[in-house]
Amino acid sequence: MKKTKTSSLTFVQWLIVLLAVAVYLFGIPAAAWLGGRFLVNADDVQAADVVIALGGDAGFDRLEKAAELYHSGLADALIISDTQVEAFTGQDITLFMRNAAKDLGIPESDIYITEVAANTTYNEARAARKLMLRNGWTSCIVVTDPFHTRRARSYFRRDFADHDLTVYVTYTAEHWYRPSSWFMSRRGIMTTQTEYAKLFWMWMTGL
């Protein structure tokens, strides 16, 4: 654990230096673009056993992208994280997402819900890993928001490393978040600040 913290701090310091250089050479807009672009760290998606739509999907953007990947033949099944959060409809958001997945054309037999409730990305990775191992799956595509890709990628790859599982992380291109202009809206500013705070917490604690 001590080794991990040292490496993380070095990485954070490197990022701060890079942003400072960008401000000095190109001004605040360039540094802001770099700060937003750093959060977006997706993979070139390849065929996998299953696609995972992470929780917190208020607009169902993640689910729609997951369904798109499923129908394109890049995944044979869908995993939905059991977040146990009540939706605005008054029903469990997990069940609401399962019904939405069926409406998007995914057969119920190909829809799986994690057996362990998870309300953080750290726990979602662990829950997905347990379900994958139980079903004999060795690869997955994780769908999340653009700004969340770096943190999700870190959590899943770290959790999967000792189990010979492969993960690809992607996002929907139609998402509202844009690395080049996040600082032009209150929503973008708040989202970016929150994500960096969560990244820092992950690097410091591993959780």
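At what angle do helix H6 and helix H7 pack, and how far apart are their axes?

1. Basis. This is a predicted model, in which local features need pLDDT of at least 70, side-chain atom pairs count only at pLDDT 80 or more, and totals for chains, interfaces and linings use all residues. Residues are numbered from 1 along each chain as its sequence is written, and side-chain values use heavy atoms, leaving out hydrogens and water.

2. Helix pair. H6 (residues 149-160) and H7 (residues 186-205) pack at about 25°, with axes 10 Å apart. Helices are DSSP runs of H or I, at least four residues; strands are runs of E, at least two; both are numbered from the N terminus. Axes are lines fitted to C-alpha atoms, for helices over the stretch in contact, and angles run from 0 to 180 degrees between N-to-C directions. The angle makes H6 roughly parallel to H7 (under 35 degrees).

3. Their contact. Arg150, Arg151, Ser154 and Tyr155 of H6 meet Glu195, Lys198, Leu199 and Met202 of H7 (contact: heavy atoms within 4.5 Å).

4. Sheet. 5 strands form an open sheet with parallel pairing, in the order S3-S2-S1-S4-S5. Strands pair if DSSP finds at least two bridges between them. S3 (111-113) and S5 (166-171) are the edge strands, each pairing on one side only. Neighbouring strands are turned by 25° on average, direction ignored.

5. S1 and S2. Strand S1 (residues 50-53) runs parallel to strand S2 (residues 78-80), joined by 3 bridges. Isoleucine 52 stands opposite isoleucine 79 in S2.

6. Helix over sheet. H5 (residues 121-135) lies across S1, S2, S3 and S4 (139-144). H5 runs at about 125° to S3.

Note on methods: Parallel < 35°, antiparallel > 145°, perpendicular 65-115°, else oblique.
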